[in-house]
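Biologist: Could you take me through one residue up close, and then zoom out to the chain around it? Please keep it simple, as I'm new to this.

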Amino acid sequence: MSSPASASGLEAAYHRLHPKIRRWIRDQGWDELREIQARTIVAVLESDRDVLIAASTAAGKTEAAFLPILTSIADRKASGFAVLYISPLKALINDQFRRLEELSESMEIPVVKWHGDAPQSEKKKAMAKPDGIALITPESIEAMLVRRPADARRLLSSAEFIVIDEVHAFLQGPRGLHVASLLRRIDAMSERPARRIGLSATIGDLDQAAAWLRPTDPQHVERLKAKSDAPELRLQVRGYIEPPDLDDPDHAEGGAEGAGDMPHRIALDYIADHLFEKLRGENNLVFGGSRRTVESAADRLRLRSEKSNVPNEFYPHHGSLSKVLREELEERLKDGKLPTTAVCTSTLELGVDIGSVKSVAQIGAPRSLASLRQRLGRTGRRRGTPSVLRIYLREPEITQKSGIMDRLRPNTIRSVAVVQLLLKEFVEEAGAAPEIASTLIHQVLSVITERGGIRPKPLFDLLCGPGPFSSVGPSDFANLLRHLATKEVRFIEQAPDGTLMLAQEGEKTVQSRSFFAVFESSEEWRLTVGGRSLGTLPITYPVHKDGLVVFAGQRWIIHDLDEQTKTLVVAPHPGGVVPRFEPSAGEPAHDRLIAEMRAVYLTDDIPPYLDEKAQELLAEGRTTFRLLRLDHRSLVSEDRDMHVFLWKGSQVTAVFSAALAMAGLASGVHDLGVSVSKIKELELRPILATLAQMHELDPADVADFVANIKVGKFREAVPDDLARGLWAQQNRKAILAVAPCAGLLA
DNA sequence: GACCTGCTGCGGTCTG
């Protein structure tokens, strides 16, 4: 293969492209192709392999894929879509449509947006004369298969390329299982399976992504990883102390009407002061971690603008806000005429186009390198400008009553550990999705509907071959089908000739509009003001007439509520409390992150990016670590509890806690290990010694002690033994780690 | 269990 890294390689790649595309490139004023684009062109046009492209957000991945693909399909005559582009977000489809529109028009290749909000007329047109490129969501593919199976075959089965954007978003979670299953089903209806082109952000494990992209032949996937072009990083970690006995670190600031008595200031007030001072005048993103923190911080920032008599430029952005409000803010960011800071959850993490921002701030210590990198990718995108990151920590004030978990300052230590790993360019691999059984049930219902009935054997072969459900064997599958046919579930029934068909409940489930997605959505209140929708609140949120609420960065009073339509009519009001959205816990931490935290405790160096307070917090954490002699001790008693320091990631820690439950001990988990209540060291040691002997620990036995083992949209239809069996398989390594871990402790 | 993501087809009304 040629080496396209050289100038002549770039040139050679360019000349492989269709003349009309070369012209389009000249018209764009590009002086040359990016290296990753040249390599992709060669890979797509000079082989028949699947291709995985891993590169940062602004590297031009879309063009890298589509320039050679359009070249390849330029003279195609067959009917049906030539290219399927699958995206996790409608907004991304709209962005890509704009980027591809002009290019494909010059090639006379049609492009159609195919998602729930796309115009019906365009879809109808494409249905009549399917050709070119379809930009589609997984759920719209599902809908097509279930509602119009004949059309689905006609439109999808002759595709030559399937491009999957944001592959990293599909490596984790049930939606990834869903897409992988849809890919299998599309292949099964095709005479010649389409080549798969995966586009991904920088990911930790390319082999894992290749296995997801082509489970039948991961070795054959060509992996193209862009050379790191990370800009200079300017970074600060700032520490803040919460007042003692604070029960709500996200409470709304004492409102405008409360003037006179100075409200008790909490950490978020000081953080807002700093954000207000540093971010005004530029575009920025502030990641709050939860919708509640986002609303509370946005509220504070707006009040500061009002008090200073300057126009507000801080606005909240999260999944409960109405689409209109969110799009207005995205547009304002992209437009760049007015300085704008979005205070957001993870909504602005994926690739929706908002232009480059001056800085990124994060409230709370990060837990995942993958997501921190993705966030950081939003800044420093213009050549020569640095990435700017500020991390704001909140730690409790230490009093007489404080426990050792507070004194160890784990948030501060974790922040330092995350930054160290960021500088080492570590990214964690994706964790396995526990929703296998639930998602398989979804696909069973879908295939039966698509085919108008199918026998068990071909159904098994279609769904459970190499791919998302390969861990389900023939007997597990038979058991699952039998369970779905019981009168408690009534999803399916079997005709005398063996054909599986939908039963009463299955019929009802598939008919519903909410069937197409494999994830759930809970019922919600809709907030409206003057007929305009602001967004939604969870139905569990207690509301009453004249109640006050902070939402969408402003304060409201509830004028009226309609139980039938689940609508709250609100009006502006100076008071308000921040609604609680969901209870909190946190995303899982990787083994390596926790190991790095231990390394931070063990060393003495003080990173220069810590402010004075954060340095103090780091020193406090290290002092506590040394006082407890945690460098060579793992069991620490406190009051009537025992802390067991495991120094492993969330998965191993959770499994260890289940193993303790098996031994009759209730324990709580945290970043550094587990805490067992009401036990003495003398009682705990023999139990750990017993666990240390259990080298043949039966995973299924441990599984019996795991709470909420059935997960996913169809968890209630999952048979017990299948749930336990799959859990045991997915946690095998962590279970094997229990005995050696216990051995070190005992 | 932090956060996020998605959605048919029909029948009705309105507009040019």
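This is a predicted model: local features need pLDDT of at least 70, side-chain atom pairs count only at pLDDT 80 or more; totals for chains, interfaces and linings use all residues.

Modeller: Is Met-144 buried or exposed? Its relative accessible area is 3%, and anything under 20% counts as buried, so Met-144 is buried. What does Met-144 touch, then, if we skip its neighbours within four places in sequence? Its contacts are Trp-114, Ile-136, Pro-149, Ala-152, Leu-155 and Leu-156. For a sense of scale, take Glu-425, which is 281 residues away from Met-144 along the chain. The C-alpha atoms of these two are 41 Å apart.

Now let's zoom out. Chain A is split into four pieces: domain 1 (7–225), domain 2 (233–252 + 263–424), domain 3 (435–511) and domain 4 (524–585 + 634–745). If you compare domain 2 with domain 3, their C-alpha centres lie 45 Å apart. Chain A contains 28 helices and 24 strands. Its radius of gyration is 27 Å, close to the 27 Å that the globule rule gives for 746 residues, so chain A is as compact as a globular protein of that length. Along the principal axes, its C-alpha trace spans about 80 × 65 × 60 Å.

Back to burial for a moment: 54% of the 746 residues in chain A are buried, and Met-144 is one of the buried ones.

Definitions and conventions. Residues are numbered from 1 along each chain as its sequence is written. Chains are lettered from A and ligands numbered from 1 in the order in which they are written. Side-chain values use heavy atoms; hydrogens and water are left out. Domain bounds come from an automatic or database domain assignment. Helices (H or I, at least four residues) and strands (E, at least two) are DSSP runs, numbered from the N terminus. The radius of gyration is taken over C-alpha atoms; the globule rule is 2.2 Å times the number of residues to the power 0.38. Buried means under 20% relative accessible area, exposed over 50%, partly exposed in between (1.4 Å probe, protein chains only). Contact means heavy atoms within 4.5 Å.
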